[in-house]
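Got a model open and want to talk through how it is put together? Let's go over it in a few questions.

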Amino acid sequence: MNKQPIGIFDSGVGGTSIWKEIHKLLPKENSIYLADSINAPYGPKGEKAIIQLCIKNTELLLEKGCKLIVVACNTATTNAIDYLRTTYKVPFIGIEPAIKPAALNTKTNAVGILATQGTLTSALFSKTSGKFANNINVIEQVGEGIVDLIESGKLYSEEMTTLLKTYLEPMIKANIDYLVLGCSHYPYLIPQLTKLLPNDVKIIDSGEAVARQTKTILDKHNSLNNENNYPKIEFFTNGNPEVIEKLLGNSFRADYLNF
C-alpha cells in the first residue's frame with residue numbers, strides 16, 4: 001500500500017500548484033497527476049456534469065492503483081467530494097477557498113475572493129462563508145477567462161493583465177487586506193497579483209494546507225512511503241503537454257492521454 005501512488009486530478013493544469021506543495025512536503029511519494037484540460041474550466045458546467053467528470057478521473061486513477069486521491073480543483077471539491085467519498089473506498093482530500101483565515105485575521109473587515117463560478121455558487125462555499133464571514137465585507141469575483149488563458153499558455157499575456165486589473169479594481173476600492181484564491185490555477189498568478197495589489201494585501205491559497213492534510217491522512221492509514229528516494233512521478237493530460245511542462249519549469253515530462 002505504501003508504494004502505491006498518490007492520485008491528483010484537476011480540470012486542467014492548475015492543480016500542479018497543489019502537486020508542487022505535496023511533492024515538497026512528501027518528496028518520497030510516487031504520484032500521478034491528471035489534467036482534464038479538454039473539459040476546463042469545470043465552473044460553468046453544473047453539478048451533475050461536474051460529478052460525472054470527477055467519476056471519470058477518479059476511476060482512471062484507481063485503475064492506476066492510487067492509494068489516496070486529491071481533488072485539486074475547488075469547483076470539483078465543492079460539487080462532488082461528498083459523492084466521491086460515499087462511493088469509493090479510498091481517502092479523498094479536497095480543496096476549498098481559505099475564507100476562514102482571511103475572515104478571522106482581516107483588520108479592514110474586507111476580504112476579496114477570486115474564484116470560479118462553480119465554487120462561488122456551491123453549497124459548500126456558502127456554508128463556509130456563512131459560518132466565518134458573516135460580518136465581513138466579502139467581495140466575490142468570478143475569474144471568468146483566467147483558466148482559459150492559463151490552459152492556452154497565456155499566463156503572462158496582455159489579456160491576462162487586463163482581466164486581473166478589472167477584477168481587482170473593486171477589491172482595492174473596498175480596502176481589502178486579504179485576497180483568497182479559490183481556484184488551483186490561480187497561484188500561478190501570484191507574481192502578477194503582487195504587482196497589481198497594494199503592498200499590505202496578503203494573498204492566501206490552499207496548497208500548503210492540502211499538502212499537510214495529505215500527510216496527515218496517509219499517516220493515519222499507515223500509508224506513508226518513507227523508503228523511496230526515487231519516486232515515480234507521472235503527468236497525464238488530454239490537452240497540450242507543453243503547457244504543463246512550462247508550468248513545471250520543464251523539470252518533468254507530461255504525456256498525452258485520451259480520457
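Predicted model: local features only at pLDDT ≥ 70, side-chain atom pairs only at ≥ 80, totals over all residues.

Residues are numbered from 1 along each chain as its sequence is written, and side-chain values use heavy atoms, leaving out hydrogens and water.

Q: In the six-strand open sheet, which strands stand at the edges?
A: Helices (H or I, at least four residues) and strands (E, at least two) are DSSP runs, numbered from the N terminus, and two strands pair if DSSP finds at least two bridges between them. The sheet's order is β4-β3-β1-β2-β9-β10, with parallel pairing. Two strands have a single partner each, so one side of each lacks a neighbour in the sheet: β4 (92-94) and β10 (255-256).

Q: Which residue stands opposite Ile8 in β3?
A: Strands β1 (residues 6-10) and β3 (residues 68-71) run parallel and are joined by four bridges. Across from Ile8, the β3 residue is Val70.

Q: Are α2 and α3 roughly parallel or roughly perpendicular to each other?
A: Axes are lines fitted to C-alpha atoms, for helices over the stretch in contact, and angles run from 0 to 180 degrees between N-to-C directions. The α2 and α3 axes come within 9 Å and cross at roughly 70°. Under 35 degrees counts as roughly parallel, over 145 as roughly antiparallel, 65 to 115 as roughly perpendicular and the rest as oblique. The pair is therefore roughly perpendicular.

Q: Which residues in α3 do the α2 residues meet?
A: Contact means heavy atoms within 4.5 Å. From α2 come Glu47, Ile50, Ile51, Cys54, Ile55 and Thr58. On the α3 side they meet Thr75, Ala76, Asn79, Ala80, Tyr83 and Leu84.

Q: Is Leu149 buried or exposed?
A: Leu149 sits in helix α7 (residues 146-151), and touches Lys154, Leu155, Ser157, Glu159, Met160 and Leu163, not counting residues up to four places away in sequence. Buried means under 20% relative accessible area, exposed over 50%, and partly exposed in between (1.4 Å probe, protein chains only). With a relative accessible area of 11%, Leu149 is buried.

Q: In the open sheet of four strands, which residue in β6 stands opposite Ala115?
A: That sheet has the order β6-β5-β7-β8, with parallel pairing. Six bridges join β5 (residues 110-115) to β6.
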